[in-house]
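Here is a short briefing for a reader who is new to this structure. Take a look at the sequence and the model before reading on.

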Amino acid sequence: MKLIYDIKDRPKFGQMIVFAIQQLLAIMAATLVVPVITEHGMSSAAALFGAGVGTLVYVLFTAKKSPVFLGSSFAFLGSMAAAFAGGVSMQLGYVGLILGAVFAGLIYVLIAIIVKFAGVNWINKLMPAVVIGPTVAIIGLSLAGNAISDLQNGGVKTADGTSVANVLICVLIGLITLLVTMLCSTYGKKTLRLIPFIIGILAGYAVASIFTVIGNAYGIDALKVVDYSYFTALVDGGVSLKTFFAVPDFTFLTAFKGIGEINATYVGSIAVAYVPVALVVFAEHIADHKNISSIINKDLLVEPGLHRTLLGDGVGSMVGAFFGGCPNTTYGESIACVAITGNASVATIITAAFGAIIISFLNPFVAFVNSIPACVMGGVCMALYGFIAVSGLKMIQKVDLEDNKNLFVVSIILISGIGGLTLTFGQFKFTEVACALILGIIVNLILSKKKKGAVDQQ
């Protein structure tokens, strides 16, 4: 695709700050929610700090040639829960979070060494466009349910976690957010085309705030969409330095207190929980980098090389978990943001990474992000996830779907992925993306035995 800013381009300082904030908004909601889901007192601000540091490590290893942001990985949620299984103390559980990320990162390092000496041709043969294209599409399509679920929810919730806002109001706000985003991206001048998500989110937030103000004024719960409790919590007990600034609760600080509780059995259980998932996420790493390669018209598996992207992802994940507890991964939302805006500047990614680090100390900004209604992010994510899916489908444009072999491969991947095929072995779970990819590889290998040009006999 035609890029407005290429990898090596550096937008003007003011523009770059705005572009970086947009990248952060695209990935921040998911990054902040992962530690919350674990329900073990993990800090969202620390996870954001870890994502920023992890991204800088990734940029360093990839020699500033890959415009991708790393964020908290959902794939490791089960593994993270395993770190606290068996009634272990929180301190030991935090040690497990760091150990697990190290195990997962070392898998990436090991594969990177193999790739360095064996090359990437075997990967291209194992996962050609007919396999990787629909798999990338599945990454976006598998998130479709999340986008629609968010679209139908507001921010203010009851004690049992149910949204009080009317579903129709939430959908309206989400669709307004999406409409503004689309209009800016399609008809806006150069600057607006580069920041459609910022404009869309702000527009959606403004509309949601209007409904919420009316709802609060007249006691109409159905109109209460924005949850302002994140802001009021900052001033409970009065305004102080902590209202504006606070050091995140870094994982390593708690883990340090649990080092004396480590034993071989616990280390083994952590390895079993994390290592298999790392192998699955490796496949998604390939898909993400094939996707971004098609967007920037440069094969990142060749230059800077798959071994470098793996090292950046693996080591970045270890460093990120040391601070935030969450293993990191390349974010499809970040890639989609590049695709929609045409801004592939790595300088923007670096600025976003430093921004994540700085913001993790600023309570008001974290509160603002947390207060963005789910329906607003749902509207934005309809575009983000849709672009991931479309990027995958674009990869198979030149694939001959008149050939039954290719038709079967694409069909199996799409149906198993969209249908939500998953397999669980103990604590190890093959996600729908992993199952779809593995099935696609197997089917492609079986049907590739047919000689090219062969015709069935009647």
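Is His 307 buried or exposed? His 307 is buried, because its relative accessible area is 19% and the cut-off for buried is under 20%. The model is predicted.

**Around His 307**
- His 307 sits in helix H15, which covers residues 301-324.
- Leaving aside residues up to four places away in sequence, His 307 touches Ala 112, Val 115 and Lys 116.

**Aromatic rings**
- The whole structure holds 14 aromatic pairs.
- Phe 322 and Phe 323 form an edge-to-face pair, with 5.3 Å centre to centre and 90° between the planes.
- Phe 322 is partly exposed, at 36% relative accessible area.
- Phe 323 is buried, at 18%.
- Ring pairs join Phe 322 and Phe 323 into a cluster with Phe 49, Phe 245, Phe 250, Phe 252 and Phe 361.

**Overall fold**
- The protein chain has 21 helices and four strands.
- Its radius of gyration is 22 Å, close to the 23 Å that the globule rule gives for 458 residues, so the chain is as compact as a globular protein of that length.
- Along the principal axes, the C-alpha atoms fill a box of roughly 80 × 60 × 45 Å.
- Of the contacts in the protein chain with a separation of 6 or more, 81% are between residues 24 or more positions apart.

**Surface and charge**
- Buried residues make up 53% of the 458 residues.
- The protein chain exposes about 20,000 Å², and carbon and sulfur atoms supply 67% of that area.
- There are 26 positive and 21 negative side chains in the protein chain. The centres of the two sets lie 13 Å apart.

Definitions and conventions:
Residues are numbered from 1 along each chain as its sequence is written. This is a predicted model: local features need pLDDT of at least 70, side-chain atom pairs count only at pLDDT 80 or more; totals for chains, interfaces and linings use all residues. Side-chain values use heavy atoms; hydrogens and water are left out. Helices (H or I, at least four residues) and strands (E, at least two) are DSSP runs, numbered from the N terminus. Buried means under 20% relative accessible area, exposed over 50%, partly exposed in between (1.4 Å probe, protein chains only). Contact means heavy atoms within 4.5 Å. Rings of Phe, Tyr and Trp (its six-membered ring) pair if their centres lie within 6.5 Å; planes under 30 degrees apart count as stacked, over 60 as edge-to-face and the rest as tilted. The radius of gyration is taken over C-alpha atoms; the globule rule is 2.2 Å times the number of residues to the power 0.38. Accessible areas come from the Shrake-Rupley method with a 1.4 Å probe; for residues, only the protein chains shown count as cover. Lys and Arg count as positive and Asp and Glu as negative; His and the chain ends are not counted. The place of a charge is taken as NZ of Lys, CZ of Arg, CG of Asp or CD of Glu.
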